[in-house]
Amino acid sequence: MANFKVTKKIHIISIYIALLALALIVLAPFAWMITTSLKEPGTVFEYPPKWIPQPLTWQNYTRVWDAIPLGRGYINSLFVSLLITLGQLITCSLAAYAFSRLKFPGRNKIFFLYLATLMVPTHVTMIPIFIILRALPEFLNSAFRTNFWTSDLYMGNFYVGKPLGLDSYFALIVPFCFSAYGTFLLRQFFITIPKDYEDAARMDGCNDFQIYYKIILPLAKPALATLATFTFMNAWKNYLWPLIIANSPELMPLSVLLQWLQGLYTTDWTLLMAGSVIVLLPVVIVFSINQKYFSHAMHVGTITH
Amino acid sequence: MRIDPKVKLQLIIASFFLLPNFIGFLLFTLFPIAASLVLSFFQCDLLQTKDIFSWKFVGLENFTKLLGFYRDSGILKANDPEFWRYLWNTIYLLLKIPLVISASLILALLINRNIKGRVFFSTSFFLPTICTGTALYMLLRWIFNADFGLLNLFINKFSLGKFEGFKWLVDPNLSKLSFIFMNTWIEMGGLGMLLYLAALQNIPQEYYEAASLDGADTWEQFWNVTFPMLGPTTFFVLIMNLINGFQEGFQQAHVITQGGPAGSTTMLSYYIYNQAYVWNHMGYASAISWALFVIVIVITAVSWKFGSKKVFYG
């Protein structure tokens with residue numbers, strides 16, 4: 001029996017060693033990023049390399065802050081992601097209500113159409129949208145005989161891009177506010193809500209909008225939270241679309257802004273790593289606070305995506 | 001034709017709920033899909049100088065250029081060798097899939113027990129997935145740097161200074177391998193691990209008890225109980241990875257190597273980007289994106305047909 005206990009202990013210890021080694025492999029690059037960001041620019045090429053920077057300096061953080069409009073990048077990423085999330089929550093929940101609780105001719109056919117588009121790669125749809133957005137301002141200008149649609153807009157001193165087309169918040173946000181995937185996700189949840197609640201509300205004289213707003217939405221909070229998390233993360237990470245839409249640095253979200261920084265300072269590693277730390281730190285903090293939510297959202301996301 | 005007033009009311013109510021989403025769906029999904037198919041039969045170049053389009057109907061020319069071959073002094077040559085090369089790159093990078101799947105299974109098996117620091121380990125493994133994006137790719141570019149990167153410093157130290165390390169991202173023969181390693185590192189603690197963890201918890205404990213009564217050791221238990229029970233999860237993760245694998249890779253290549261060296265990390269998605277938004281060949285880019293679409297459809301169809309028969313659903 002004692003022998004059995006010893007083998008079990010060895011077993012547990014070897015599992016711990018394996019886990020620690022793997023955690024080290026995953027975490028070491030992040031530690032290296034922080035170390036590099038705190039070194040003086042010349043010292044990264046020293047050999048042997050040091051894990052504790054000597055001398056330790058914060059200058060890379062101030063340098064990166066001066067080099068690119070990082071604050072503006074944060075505002076852009078947040079603003080764009082929040083509005084896309086809000087837009088999807090509204091349009092998808094309304095449509096999901098129609099698909100799950102209402103009867104009307106053609107309902108199943110339209111829903112099937114939604115499902116059929118889930119497989120289409122984004123590359124397919126992006127090209128025509130891009131062409132239209134690029135041509136639209138000129139077209140509107142000549143149609144209404146103004147220069148408004150290609151002009152730069154300001155709120156005070158704050159540049160807010162063009163009204164439409166390339167280099168506009170419109171183009172960054174609106175195409176993503178409608179999602180067949182989101183509609184599908186919410187519809188799947190809405191059909192599980194018992195009909196009795198709805199009938200009772202109807203007896204009390206509620207109309208469809210009141211049922212949607214007062215009964216279905218509060219009951220569907222978990223599904224809405226999942227969709228919100230998933231949409232926000234995707235919008236935050238979006239890269240290709242803002243890359244082709246946002247040409248001026250004032251409109252770039254963080255993902256594109258950081259790539260722009262890299263184009264300017266290709267091998268200034270201390271500066272680049274300071275930029276990476278600034279961009280990743282809030283993400284990591286938000287993640288560790290809402291850890292459970294994230295994994296749940298990702299989980300549901302893969303199953304239905 | 002007269003419409004039943006009850007149906008009319010239904011339609012009015014339904015359109016109130018449906019229209020906001022449906023208009024967007026029409027404008028940003030359905031119409032672009034159709035438009036892109038039409039575009040693929042045109043030569044449509046956006047001219048840089050002013051917003052002028054040059055449209056020309058070319059029939060199937062984009063597709064024959066993309067997929068066709070010609071005979072040059074007895075040797076078969078592709079009309080667009082680049083496309084086949086980038087398709088090959090895309091397929092090559094799918095080699096990450098067996099690595100990612102087995103690594104995430106191992107991680108899930110290690111974590112799936114009552115140990116201290118369980119949350120710490122799972123959070124750590126999940127961290128790269130959360131951080132994926134420009135910042136993480138920039139970090140990986142620094143780690144894989146041939147002269148001062150952490151990876152080569154590590155190799156150097158382990159070989160006691162005898163070996164300088166590899167030219168990871170500089171050598172066209174190693175760049176794809178570097179990408180495979182990076183992606184394995186990023187994704188091993190991601191969705192696959194989460195799905196495996198959930199699946200492991202759904203395996204009834206009695207199965208293991210029965211197996212150990214029959215004298216099965218841990219290894220045999222894994223192959224005869226755990227692995228078959230995880231079949232549906234493995235299959236699902238595999239299909240998801242395949243479908244995504246053909247479409248992704250643009251951001252990583254754009255941030256880390258700009259598709260180089262010598263085009264060795266350019267994938268189909270990057271080729272579409274170049275054709276469409278760098279060289280302004282919208283018609284041709286649409287044709288490539290439809291080729292990509294067909295690949296995705298084929299994978300999905302095959303997996304549907306194959307999946308229901310071969311996988312054990314416990």
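**Before you start.** Residues count from 1 along each chain as its sequence is written, and chains are lettered from A, with ligands numbered from 1, in the order in which they are written. Because the model is predicted, local features need pLDDT of at least 70 and side-chain atom pairs count only at pLDDT 80 or more, while totals for chains, interfaces and linings use all residues.

**Stop 1: the domains of chain A.** Colour residues 1–66 + 270–305 of chain A as domain 1 and 68–264 as domain 2; these bounds come from an automatic or database domain assignment. Over C-alpha atoms, the two domain centres are 33 Å apart.

**Stop 2: where chain B meets chain A.** Now show both chains. Here 67 residues of chain B are in contact with 68 residues of chain A (in contact means C-beta atoms, placed from the backbone, within 7 Å). On the chain B side, helix H1 (residues 5–39) gives the most, with 19 residues; helices are DSSP runs of H or I, at least four residues, numbered from the N terminus. That side of chain B holds 49 nonpolar, 17 polar and 1 charged residues. Ala, Val, Leu, Ile, Met, Phe, Trp, Tyr, Cys and Pro count as nonpolar, Asp, Glu, Lys and Arg as charged, and the others, Gly among them, as polar.

**Stop 3: H3(A) against H1(B).** Keep H1(B) and select helix H3 (residues 70–101) of chain A: the axes come within 8 Å and cross at roughly 130°. Axes are lines fitted to C-alpha atoms over the stretch in contact, with angles from 0 to 180 degrees between N-to-C directions. H3(A) is therefore oblique to H1(B) (under 35 degrees is roughly parallel, over 145 roughly antiparallel, 65 to 115 roughly perpendicular, and the rest oblique). Residues to pick out include Cys92(A) and Tyr97(A) in H3(A), and Phe17(B) and Pro20(B) in H1(B). By class, this contact has 10 nonpolar, 3 polar and no charged residues.

**Stop 4: H4(B) and H8(B).** Within chain B, select helix H4 (residues 96–111) and helix H8 (residues 172–187), whose axes lie 9 Å apart at an angle of about 30°. That makes the pair roughly parallel. Among the residues making the contact are Lys96(B) and Leu99(B) of H4(B), with Ile180(B) and Glu187(B) of H8(B).

**Last stop: Ile211(A).** Find this residue in helix H9 (residues 208–219) of chain A.

Notes
Helices (H or I, at least four residues) and strands (E, at least two) are DSSP runs, numbered from the N terminus. Two residues are in contact if their C-beta atoms, placed from the backbone, lie within 7 Å.
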